[in-house]
Amino acid sequence: MTLELGPNQQPAHTRHGSSIGQPLTRRDGFLKVTGTARFAADNHPPGMLYAALAVSSIARGRVVSLDVEAAKAHSGVVEVMTPLNRPALAADPDAKDHPFMFRLDLLQNDRVRYPNQSIAVVIAQTLEAATEGAALLSPRYEVLPARVGLDGAEGFVPRGVGVGGPAVQQKGDVEAGLESARTRIEATYETPAQYHNAMEPHAIVAAWDGDRLSIDTPSQGLAMAQGRIAGLFGIAPQNVHIRSPFLGGGFGSKGMISGPQVLGILAAKLVGRPVKLVLRREQMFGPVGHRAPTRQTLRMGMDGEGRLTAISHHARTTSSTFDDFFEPAADASHTLYASPAIATSHDAVRLDTGTPLFMRAPGEATGSIALESAIDEAAHACGMDPLEFRLRNYAEVEPMTGKPFSSKALRECYEQAAERFGWASRPLQPRRMRDADGFLTGWGMGTATFPAIMFQAEARAVLRADGSGLMETGAQDMGQGAWTAFAQIAADGLGLDIDQVDFRAGSSDLPNAGIAGGSGHTATAGMAIHNAGAAVIARLADLATGNEASPLFGAGNEGVLARGGRLYRRDDESRSESYADILARAGLAEIEGRGKGAPDPASQETYAKHAHGAVFAEVKVDPDLGQIRVTRLVGAFAAGRVINPRLVRSQYYGGMIWGVSFALHEEAVTDRRSGRIQNANLADYHVPVNADVPSVEALLVHEDDPHVNALGIKGVGEIGITGTAGAVTNAVWHATGVRPRRFPIRIEDMLG
Amino acid sequence: MTTTLPISLTVNGHHHELEVDPRVTLLDLLREQLELTGTKKGCDRGQCGACTVLVDGKRINSCLALAVSHDGAEVLTIEGVAHGEELHPVQAAFIAHDGFQCGFCTPGQIMSTIGLIAEGQAGADPERIREGLSGNICRCAAYSGIVEAVLEAQQQLARTDRRTAA
């Protein structure tokens, strides 16, 4: 008994629940604080062997020799997998059937195209033997010069940037706008390569049973990973079972299955036993994606009243020599500030690095820090307060497209955050504030924005004879709180208390929940859950209203409410019947409904859909040493309906701290001679630690959006970085009078 | 065969007599041989703190400790902190204050917090708590919640101590 509701159908009844909007603590909290949450590398099937990767120590060239004999002679080593004995694949790992099928290094030849590329896999009885075996391989190389840096090769204009958007876009006449301007600014900013560095290294435990494959591995997109693996091995997708109940962070790096994960599967195939392969931290700087560096030039013109007459935003970025991902940094200028003329463009160079990838707010984060810095420079050039300048150029419609916004409570974000921060007392000129200890103090702000994206998802809902419910969707929890937020949506969708709902996720044998990315998972899978709930309740209502023995007989679907495990007549709530009674009368053990989540094409066409926010930062700079500390951050965000304010606030905090990190901490440093990354570890690649994190506040600004989806959900996972990085940068300028133009901001930049 | 050495360890109150490869770290011993996988490996070189456990009451990075060098030690891991369903005050406070997101660094954060409180150095000063927990990286950046959780758990533990003393 299945009823399926499509994404754009209105459910024919009302479900009244109380779970959505509640600040529930995490439902997976107990497992996570007791160490019983099972992450991929915690699995240990019987007979399992350990695999260790050997990776290239050069950026470009060829592996000339590997001492396989030495490795094999080491006690405990079972096998060494190289291009010579790697099991055959059904598909070429260098084939690319669609833009999101990234090319993988699966020992298809002896070529090296980036540092830390896999060149062999050693499989052993113990981790120690595998690791030592890998060291014994002592690779010899034929080395070619590495192409490094934003000027390391010939520039070209990519065919598409980000998810395939045009590399060059414009409206109006930017040159004329600049020409007619009273005031002009031009500035060039550089952002570094960054690596996701989720705390959990990519890991896989793979076990073959004939042509069936069982895998534990973290994945932000189970169905896509399943399809990719099935294609590589020439087996049916349903023969690949991936379990990913918990991801130890993803941030985009676990969106696609990576080469090392597939090598774990190949190793298991080669030895005919289950194999565990876990990347070492330094091995994560290469094959699992990164945020590409950018160099961005912004030009802006303003009239006598501080209104923008033109915005020109050009970004150079980098990709690998063998695949395409282009950070769409300049696109940040499409949505925030009204201007009669806007031109954005990208070009790129190809370097001997791993292929860049989506990393938390790809394009938005890099573009935002440059755009918000330039806006601050423009405001100062006009002699205006940065908030006043932003309000003067407030976009009532999306600047690039002219589309109305589906909703936009940015004004309220500015107001609430500015008020909370105390912005009104800020001196206009820099270097005017000092604290009691003599530290230079500065206040800066930035606007945050992120598109409200939806993908495709499906869910299955079941109501059981005992009146309880089940909701299934292969959703992925990488810390954003899917286990909790989706259970809340499921409870309301089924008209049940949350404790009456069994929620299943994190496994590829469940309905495809789409990807946990683009800040679109809650909206997409949430709508699938919502619609599956509607479908099964509609089925239940049919059973009741069509049966003379029911107190709901004759009410019709339109006239029923679902709440607390009962259906009620809409016009007479004294007449109701429990789910259990309805199913018992019908003699059914359970009934099922299915739902989908997807963007509505009509509203996509009509509206610009974005979440917005405003972030204010205070920094203190040591006038003698140039050391910078962020001491206070206040953000206010409007992102449609909030499913769980406790978890949403945590997403904002996390994003804002990533913004601090962007401005002050993170940078992968490449050696210009060898092309190797010099700081591929967590001591030298700086991410914020507890002591780096100041007082952070995130205000949740109410926003109803009737157009994004029936639940009114936008997305909260990435927006916090945008705005924040710029706010910190602008606060540094306000403290010191020095305008940072390269990131992360360095002490030497402060000392001039 | 690789040489092994005999050691004895008490882990979460259970005594073990073991023969270990001298290359095996305490972390890998716990995870791969004793099936105590709550303790996590984030970097394997003492930079992230995900592997924090208490050895003889002191917090250490178990990835930097060779198992053979801790013969006779008493080890407490995340699995030994709760009493069945009853959470330790630090664990409960981490849930209440959303002191984690993905949960991967959480066992290390909690063990480090228990160690920090026992050291008695941080008191109720958030600045010193932040400093004292800065060996434990949380890439999700749940730091605010962690500090709130530490403050609350400390109070809770102090109350319990007073009751016990009285």
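How many helices and strands does chain A have? Chain A of this predicted model has 16 helices and 29 strands. The radius of gyration of chain A is 27 Å, close to the 27 Å that the globule rule gives for 752 residues, so chain A is as compact as a globular protein of that length. If you follow its C-alpha trace along the principal axes, it spans about 85 × 75 × 50 Å. Of the 752 residues, 60% count as buried. Look also at how the chain folds back on itself: among contacts with a separation of 6 or more, 82% are between residues 24 or more positions apart.

Let us now divide chain A into its parts. Domain 1 takes in residues 2-38 + 456-599, domain 2 takes in 40-145 + 196-284, and domain 3 takes in 294-453 + 605-750. The C-alpha centres of domain 1 and domain 2 of chain A lie 39 Å apart. Where these two domains touch, domain 1 of chain A gives 15 residues and domain 2 of chain A gives 21 residues. Take A:Phe637 as an example. Leaving out residues up to four places away in sequence, A:Phe637 touches A:Cys413, A:Ala448, A:Ala611, A:Gly613, A:Tyr652, A:Ala698, A:Leu700, A:Val701 and A:Ile719.

Now pick out helix α12 (residues 579-586) of chain A, where A:Tyr579, A:Ile582 and A:Leu583 are buried. Why do they fall on the same side of α12(A)? They cover an arc of only 95 degrees around the axis, which puts them on the same side of the helix. The buried residues of α12(A) pack against β20 (457-464), α11, β24 (566-569), β25 (572-578) and β26 (590-597) of chain A. After α12(A) comes A:Gly587, with a positive phi near 70 degrees.

Most residues other than glycine have a negative phi, and most peptide bonds are trans. A:Phe251 is not a glycine, yet its phi is positive, about 60 degrees. You will find A:Phe251 in the loop between β13 (240-243) and α6 (259-271) of chain A. Is A:Phe251 buried or exposed? A:Phe251 is buried, with 30 other C-beta atoms within 10 Å. A:Ser519 also has a positive phi, near 55 degrees, in a residue other than glycine. A:Ser519 sits in the loop between β22 (501-504) and α11 of chain A, and with 26 C-beta neighbours inside 10 Å it counts as buried. As for peptide bonds, A:Phe743 and A:Pro744 are joined by a cis one, with omega about -5 degrees. A:Pro744 belongs to the loop between α15 (721-736) and α16 (747-750) of chain A.

Let us turn to chain B. Its secondary structure comes to five helices and five strands, and from the N terminus on they run β-β-α-β-β-β-α-α-α-α. The radius of gyration of chain B is 16 Å, close to the 15 Å that the globule rule gives for 166 residues, so chain B is as compact as a globular protein of that length. Its C-alpha atoms fill a box of roughly 50 × 40 × 30 Å along the principal axes. Buried residues make up 55% of the 166 residues in chain B.

Chain B is assigned domain 1 (5-80) and domain 2 (89-165). Their C-alpha centres lie 21 Å apart, and 15 residues of domain 1 of chain B are in contact with 13 residues of domain 2 of chain B. On the domain 1 side of this contact, β3 (52-55) and β4 (58-61) of chain B each supply at least two residues. The largest share of that side, three residues, comes from β3(B). By type, the residues of that side divide into six nonpolar, six polar and three charged.

Finally, see how the two chains meet.

Terms used
Residues are numbered from 1 along each chain as its sequence is written. Chains are lettered from A and ligands numbered from 1 in the order in which they are written. This is a predicted model: local features need pLDDT of at least 70, side-chain atom pairs count only at pLDDT 80 or more; totals for chains, interfaces and linings use all residues. Helices (H or I, at least four residues) and strands (E, at least two) are DSSP runs, numbered from the N terminus. The radius of gyration is taken over C-alpha atoms; the globule rule is 2.2 Å times the number of residues to the power 0.38. A residue is buried if 20 or more other C-beta atoms lie within 10 Å of its own, exposed if 12 or fewer, and partly exposed in between; C-beta atoms are placed from the backbone. Two residues are in contact if their C-beta atoms, placed from the backbone, lie within 7 Å. Domain bounds come from an automatic or database domain assignment. Ala, Val, Leu, Ile, Met, Phe, Trp, Tyr, Cys and Pro count as nonpolar, Asp, Glu, Lys and Arg as charged, and the others, Gly among them, as polar. The arc is that of the directions from the helix axis to the C-beta atoms.
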